[in-house]
Amino acid sequence: MKKVTVIVSILLFSILRFQPFVSSSPLLYGNQVYEESSGERNLNQEHEHAPEVHCSRERSRVASKVIEEYLTPFVEKENYQLSRKCRLHPENDMFRDQEEHRIYLDRNEWRCGYCKKSFREEKFLDQHLDNRHCNLLNLSHGKCLADLCGALHCDAVTNSKSSRSKCNPAAAARNRHLCESLADSCFPISGGLSASRLHELFLHQFCDAHSCSGKHKPFSRGGKGQGSFFRLAAGALILVLLPVFYLFIYLIQCDMNGRTQDLRRISKSGWKAKPS
């Protein structure tokens, strides 16, 4: 009995001495040993060194799309130059340079324009830009386009649940105030005729819809996509109606030719009947 006790004590002592080495050894899952890959270690290191950014890349992307679709065409038509102080200016987007280096190749292939690395999904490319190329972000104050999403109706573009939820008068008032401040700073009425026209357009295009009355809809003046759609629809309508128009003209000419021949026959018969 003493021998058994001694053997058990020796085994317990050996296990306790070996335990520190077990904690530092590779993790054992079933019959396979899992070791942390160098790529994952690098990814973890990237997360440690990446600066903390309090700005949504996705919503900034939506805001940029709204500006490009529903404001830029009118600004270009007026040949108006936005001031750098205007928060809608392209340079005031912290993700702008990175967004220009996102290359879409195929549905399952995206490429980083900086290091040419490929990814199967867009979200992985975004994570890569956040981790590997964070030094290229413009982290200056006021560079987050996502902060303007309330004024620019980003939820209406993405068709999110918040756009279909019950209207909050306080939130609508805040968004309208932000929207009007953008109109005043980007298109000051004292800036000339073009600025005045764009100021009025911006109010109708974005600000009037910030109300719980439901009388106004965002983007009431249309945008780039709608213009091309109307041109395409008009072209298709012309192609459909043109053959109908020519057919109508042809039938009229045939009818007129038939009537002319009838008149000639009547006149000839009249001349023949006259000598008798």
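Trainee: Are Cys149 and Cys154 buried or exposed?

Mentor: First, the ground rules: this is a predicted model, where local features need pLDDT of at least 70, side-chain atom pairs count only at pLDDT 80 or more, and totals for chains, interfaces and linings use all residues. Residues are numbered from 1 along each chain as its sequence is written, and side-chain values use heavy atoms, with hydrogens and water left out. Buried means under 20% relative accessible area, exposed over 50%, and partly exposed in between (1.4 Å probe, protein chains only). By that scale, Cys149 and Cys154 are both buried.

Trainee: How far apart are the sulfur atoms of Cys149 and Cys154?

Mentor: A disulfide is a pair of cysteine sulfur atoms within 2.5 Å. Cys149 and Cys154 form one, with their sulfur atoms at a separation of 2.3 Å.

Trainee: Why is the disulfide of Cys149 and Cys154 left-handed?

Mentor: Look at the torsion about the S-S bond. The disulfide of Cys149 and Cys154 is left-handed because that torsion is about -80°.

Trainee: Which parts does the pair Cys167 and Cys212 tie together?

Mentor: A disulfide joins Cys167 to Cys212, S to S 1.9 Å. Helices (H or I, at least four residues) are DSSP runs, numbered from the N terminus. The pair ties together parts 45 residues apart in sequence, because Cys167 lies in the loop between helix 9 (161–164) and helix 10 (169–186), and Cys212 in the loop between helix 11 (193–207) and helix 12 (224–273).

Trainee: Where do Cys179 and Cys207 sit?

Mentor: A disulfide joins these two, Cys179 and Cys207, with S to S 2.0 Å. The pair links distant parts of the chain, 28 residues apart: Cys179 is in helix 10 and Cys207 in helix 11.

Trainee: What is the relative accessibility of Cys207?

Mentor: Cys179 is buried, with a relative accessible area of 0%. Cys207 also counts as buried, and its value is 0%.

Trainee: What pattern do the disulfides of the protein chain follow?

Mentor: By the distance rule, the count comes to five disulfides. With bonded cysteines counted along the chain, the pattern is 1-3, 2-8, 4-5, 6-10, 7-9.

Terms used:
Helices (H or I, at least four residues) and strands (E, at least two) are DSSP runs, numbered from the N terminus.
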